[in-house]
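Opening my notebook on a new structure today. I'll jot down what I look up as I go.

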Amino acid sequence: MARIIGAVATTHVPAIGKAIAQNNQNDPYWKPFFKGFDYVHGWLAREKPDAAVIFYNDHGLNFFLDKLPTFAVGAAQEYRNEDEGWGIPVTRSALGDPALSWHLINSLVADEFDITICQEMLIDHAVTIPMTLMWPGESWPVKIVPIAINTVQHPLPSLARCLRLGRSVGRALESYQQDLRVMIVGTGGLSHQLDGTRAGFINKEFDQLCLDKIANDPESLTGYSIHDWVELTGAQGVEFLNWMAMRGALTGRVTELYRNYHIPISNTAAATVVLDNDSEEARVAA
Ligand code: DHB
Ligand code: FE
């Protein structure tokens, strides 16, 4: 049986990719952010995930304003990265797990999530930056299932809908017959706005509330509308939808193991969180 071991959620700012390429991790600007990954590396080394389900948002590499699925699930053997315009080095490809993807797709559709099925899918910085942060300078030891959530073209799915999408993925993973250790990843956020008169907008107080609630009371965040969220967190702060789906996929008793919050990285309030998922099955077996 597959086991959901926990989750890592992190910011995916492209400038991080440039800092890695230029080896700037220890510069005073970057150190407080990159230090946050020491804990993540230890956790990954201990937990040894086989697969990662990654909730992220595509930034115009696969989908543009002309065609934008609300939810899209990758079912490819391999996911290639391309430079979608930030000028950061193109990374290695990530390996897929089509059998796991199809299991999730079948379960999601049976559960009335009308997702878009992508047997070909490119991955942008919202996948490759978190992967490179988690496994720096080595090959990526997990197979991935990328799930893209529209955070770009309004109307966006609600926070409640994304939490439910995650829960559906969590239930599907728990019914997967293969012995796999699966981690969940949520990327993007926290508060940031890249353009318009509020470019550079950050809301530390509200970010802290989100970090306080995401582990043990994500439901309390579902009362905010998308418009509230844009007002409170900036136009791109809606990437928190990926965090809601990530949290929904943790089906057991969830504990926050680690949190790092640092302002700013580029225009973004940077956050990294590690959540443990003590699954029902593991508790019964213990
Ligand atoms: C930045 C943040 C993002 O989430 C993104 O996708 C691109 C840029 C930034 O803060 O520069
Ligand atoms: Fe982004």
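This is a predicted model: local features need pLDDT of at least 70, side-chain atom pairs count only at pLDDT 80 or more; totals for chains, interfaces and linings use all residues.

**Entry 1: the metal**

I started with the iron ion (ligand 2) and asked which residues coordinate the iron ion. I found His12 and His59, each through NE2, plus Glu239 through OE, at 2.0 to 2.3 Å. Written along the sequence, the donor spacing is H-x46-H-x179-E. I then checked where the two histidines sit: histidine 12 is in the loop between β1 (3–10) and α1 (14–21), and histidine 59 is in the loop between β2 (51–56) and β3 (71–74), so the pair ties together parts that are 47 residues apart in sequence.

Next up: are these histidines buried or exposed? Histidine 12 has a relative accessible area of 3%, so I wrote it down as buried, the cut-off being under 20%. Histidine 59 comes out at 26%, which makes it partly exposed.

**Entry 2: ligand 1**

His59 was already on my page as an iron donor.

Then I went through some polar distances to oxygen atoms of ligand 1:

- Threonine 268 has a side-chain N or O atom 2.6 Å from an oxygen atom of ligand 1.
- For histidine 125, a polar side-chain atom lies 2.8 Å from a ligand oxygen.
- Glutamate 239, which also coordinates the iron ion, has a side-chain N or O atom at 3.2 Å from an oxygen of ligand 1.

How much of ligand 1 does the protein cover? On its own, ligand 1 has 290 Å² of accessible area, and the protein covers 96% of that.

**Entry 3: strand β2**

Since the loop with histidine 59 comes between β2 and β3, I had a look at β2 too. I counted 6 of its 6 residues as buried, so β2 is largely enclosed by the rest of the structure. Ala51, Val53 and Phe55 point one way, while Ala52, Ile54 and Tyr56 point the other way.

Which strands does β2 pair with? I noted β8 (residues 143–149), parallel, over 6 bridges. Within that pairing, phenylalanine 55 has isoleucine 147 as its bridge partner. I also noted β9 (residues 181–187), again parallel, over 5 bridges. There, alanine 51 stands opposite valine 182.

Conventions
Residues are numbered from 1 along each chain as its sequence is written. Chains are lettered from A and ligands numbered from 1 in the order in which they are written. Side-chain values use heavy atoms; hydrogens and water are left out. Donors are N, O and S atoms within 2.8 Å of the metal (3.2 Å for Na, K and Ca); water is not among the atoms, so sites may look incomplete. Helices (H or I, at least four residues) and strands (E, at least two) are DSSP runs, numbered from the N terminus. Buried means under 20% relative accessible area, exposed over 50%, partly exposed in between (1.4 Å probe, protein chains only). A polar contact is a pair of N or O atoms within 3.5 Å; within protein, one must be able to donate a hydrogen and the other to accept it, and residues adjacent in sequence count only if both atoms are side-chain atoms. Accessible areas come from the Shrake-Rupley method with a 1.4 Å probe; for residues, only the protein chains shown count as cover. Two strands pair if DSSP finds at least two bridges between them.
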